[in-house]
Amino acid sequence: MNKLITVSSILLAATAVKAQSPNVIFILADDLGYGDISAFNPESKIHTPNIDNLTHSGISFTDAHSSSALSTPSRYSIITGRYPWRTTMKSGVLNGFSPAMITPDRRTIAQMFSENGYNTACIGKWHLGWDWAYPQNAKNKQDVDFSLPIKNGPTDRGFDYFYGIPASLGTAPHVYVENDKVTALPNRTIGPQKGIKLIRNGVAGADFEPQDCLPNIIRHGIDYINKQRDSKKPFFLYLPITAPHTPVLPAEKYQGQTIIGDYGDFVVMIDDMVQQIVKTLKKNNQLENTIIIFTSDNGCAPYIGVEEMENKGHHPSYIYRGYKNDIYEGGHRIPLIVSWQGKYTNETNGSLVSLTDFYATFAQMVNYQLKDEEAVDSYSIWPILSKKGNSARKDLIYESGKGYLSLRTLQLKLVFHSGSGGWGYPNKPADLAKLPSMQLFNLKEAPSEKKNIISNKRYKKDVDKMTQMIKKYVEEGRSTPGKRSANDTGNSWKQIEIFMQ
């Protein structure tokens, strides 16, 4: 009996400790450039006072990166703590009908939080695939039976609650899903129309209007926060919003707020949405016990009208080269703010950080020991956030939209291909044929990546060492210390090279 009482007391004490852990809200913008936030870009033509206010009680990371210059692979890394090129998906993104990318055996950050006393929710854009139900006579992947539950979605990957859309705002099917069911059956087809460009033709739910998608996600996010107010458990809210990805749809009250047009106005709308979340936390007395992360899944999209914006003095990639899809810094260097009221005061940190790192970070926060096959590429930045040290990360890998890999150290960046790996120059075979097969940049001395220094003999040893290092990370199936893990397509560097041709 005494033994039972002792065990029960320990469990109760552990539960109480978990209940005192901070809430975590992870706001992930979609295609937002490093230079779109005025706190990160003094010359920005978009004023973002509410996001800037997060920096006043936060840490701004100036050398933070997504694992990919595209949406789906970037999100995979956040949720799994694993580089996306380790999967069968070596390039591109999923669409709204794609099957689940995260396999059932792959643990997720939501599972980790849930098992450590947290309520968990994902509200917004999923874009990691799930398994729609199909009738027996289905002829293609669009022939979904929307009346049936989906499988292998967010609620099968560790989230207690999900509300959102399958993929990007402009991607069919245009439906909201709550947990594992659509909220309204499709009753029409929508596509490009007056005021709404860059939206693909497809079926739409009776309750789906593209212009209302971002506000609707925020309303559901705020509703979730309010419902957690009296909970005895902390919560993890993953909030992947749909903006400023196309279609660019600022509400009327935000139109004309910037000199660069709808894109700038859409970012202003995001800024106001952030203010609404912070106000809700303040009203509920939740703010001082909530860590707010604000970041982006990759860089700004070049097709958004960047040339016109640059002509007006706004540079979404700030001083960096390239945009979304590119291996260059503008493709994956993203704004990152970790805000915690009362803990930080307008701090700036230049540590090398990947969005992949938040899995290990919050595992350390809740004193959870990662398993061998878990978060194999995630380095904890909790020592930075708890003011007890630095991250152990000394290098990281990121990829372009075409799957070209790059290894980054604290100073150097080695690209294992001759081009941008995306939409930026150079990307045409005729141009690439004239260039060296690899690229090297010294980001400390020349962060704008204007000159390829691969032929500089001064760096030969560095190139050799970095080449061996990335091969090691591929062959060991992980880039963190631990037991050898398996990549989904094998652990041979030659297998990776095939996809970089």
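Predicted model: local features only at pLDDT ≥ 70, side-chain atom pairs only at ≥ 80, totals over all residues.
Helix α5 comprises 15 residues, 213-227. At 1.5 Å a residue the helix should span 21 Å, and its end C-alpha atoms lie 21 Å apart, which agrees. Its buried residues are Cys-213, Leu-214, Pro-215, Asn-216, Ile-217, Ile-218, Gly-221, Ile-222, Tyr-224 and Ile-225.

The largest nonpolar core holds 59 residues, of which Leu-214, Leu-237, Leu-239, Ile-277 and Phe-294 touch the most other members. Helix α6 makes the greatest contribution to this core, with 11 residues. Leaving aside residues up to four places away in sequence, Leu-239 touches Phe-26, Ile-27, Leu-28, Ile-123, Ile-217, Ile-218, Gly-221 and Ile-277.

With a disulfide taken as a pair of cysteine sulfur atoms within 2.5 Å, the count is zero. For Cys-122, the closest cysteine sulfur is that of Cys-213, and the 12 Å between the two sulfurs is too far for a bond. Cys-122 is buried, with a relative accessible area of 0%. Cys-300 is likewise in no disulfide, as the nearest cysteine sulfur, again in Cys-213, is 19 Å away. Cys-300 is also buried, and its relative accessible area is 0%.

Technical notes. Residues numbered from 1 in each chain as written. Heavy atoms only, no water. Helix = DSSP H or I, 4+ residues; strand = E, 2+ residues; numbered from the N terminus. Expected span 1.5 Å × (residues − 1). Buried < 20%, exposed > 50% of the residue type's maximum accessible area, 1.4 Å probe, protein only. Core = buried A, V, L, I, M, F, W, Y, C linked by side-chain atoms within 4.5 Å. Contact = heavy atoms within 4.5 Å.
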